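Subject: Handover of a structure and findings

Dear colleague,

Please find the structure below, handed over for your own work. My findings come after it.

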Amino acid sequence: MSMQVGPADADGEDQLNNTINTTPLVDVMLVLLIIFLITVPVVTQSIKLELPRERNIPLQTKPENIVIAVNRDGEVFWGLERMPDIETLVARLKVEAVKEPQPEVHIRGDMEVRYESVGRVVVACQRAGIFKVGFITEPPAGAAARAN
């Protein structure tokens, strides 16, 4: 704020000051500038990572690939053959695990199946010594249109 010191008018009234004092405005702006200069480098710092890119690799169906399906009731199928229990599945996977090259296991899980049922198949693959396990999913609705 400015203040005018000096003689009054001939009428004895003080003159009105019609100029704006910008000193407080400049002070506030300099403080904000300093705060931004200090905080911006802190906010933008992060660990350098190379994030994965989205990719869609078409499934290469090989005769040696094993397709295991889990329906919405949690029943496990090897191809079209129903597995009575997980131990039978592990036994069959152990036979396949010793083959050279080792086949890949592709798991097809129903969208409505509990995660626990698919997890049991993954654990069975791990117990049998299978190294390559993949999940088969449907592409998004717009992906088929973009591919054409």
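This is a predicted model: local features need pLDDT of at least 70, side-chain atom pairs count only at pLDDT 80 or more; totals for chains, interfaces and linings use all residues.

Residues are numbered from 1 along each chain as its sequence is written, and side-chain values use heavy atoms, with hydrogens and water left out.

Overall fold

The protein has four helices and five strands, where helices (H or I, at least four residues) and strands (E, at least two) are DSSP runs numbered from the N terminus. Along the sequence their order is α-β-β-β-α-β-α-β-α. Of the 148 residues, 18% are buried; buried means under 20% relative accessible area, exposed over 50%, and partly exposed in between (1.4 Å probe, protein chains only). The accessible surface comes to about 12600 Å², and carbon and sulfur atoms hold 59% of that surface. Accessible areas come from the Shrake-Rupley method with a 1.4 Å probe, and for residues only the protein chains shown count as cover. Among contacts (heavy atoms within 4.5 Å) with a separation of 6 or more, 62% are between residues 24 or more positions apart.

Helix H3

H3 runs over residues 115-128. The expected span of a helix is 1.5 Å times one less than its number of residues. For the 14 residues of H3 this gives 20 Å, and the end C-alpha atoms are 20 Å apart, which agrees. Which residues of H3 are buried? They are Ser117, Val118, Val121, Ala124, Cys125 and Ala128. These residues lie on the same side of H3, because they cover an arc of only 110 degrees around the axis; the arc is that of the directions from the helix axis to the C-beta atoms. An α-helix has 3.6 residues a turn, so residues three or four places apart point the same way. Tyr115 and Gln126 are exposed, on the face of H3 turned away from its buried side. The buried residues pack against strand E1 (66-70), strand E2 (76-78), helix H2 (86-97), strand E4 (105-109) and strand E5 (133-135).

Beyond its neighbours within four places in sequence, Ser117 is in contact with Val70 and Gly74. After H3 comes Gly129, with a positive phi near 90 degrees.

Helix H2

The twelve residues of H2 should span 16 Å at 1.5 Å a residue, and the separation of its end C-alpha atoms, 16 Å, agrees. Leu89, Val90, Leu93, Glu96 and Ala97 are buried in H2. Their arc around the axis is only 120 degrees, which puts them on the same side of H2. The packing partners of these buried residues are E1, E2, strand E3 (81-83), E4 and H3.

Individual sites

The charged end of Arg92 sits over the ring of Trp78, 4.2 Å from its centre. The criterion is that NZ of Lys or CZ of Arg is within 6 Å of the ring centre and within 35 degrees of the ring normal.

Glu100 and Pro101 are joined by a cis peptide bond, with omega about -5 degrees. Pro101 belongs to the loop between H2 and E4. As background, most residues other than glycine have a negative phi, and most peptide bonds are trans.

Gly134, in strand E5, counts as partly exposed because its relative accessibility is 22%. Leaving aside neighbours within four places in sequence, Gly134 is in contact with Val105, His106 and Ile107. Gly134 and Ile107 are 27 residues apart along the chain, and their C-alpha atoms are separated by 6.1 Å.

Thr137 is located in the loop between E5 and helix H4 (141-147). Its relative accessible area of 65% means that Thr137 is exposed. Asp110 is 27 residues from Thr137 in sequence, with a C-alpha to C-alpha distance of 9.2 Å.

Yours sincerely
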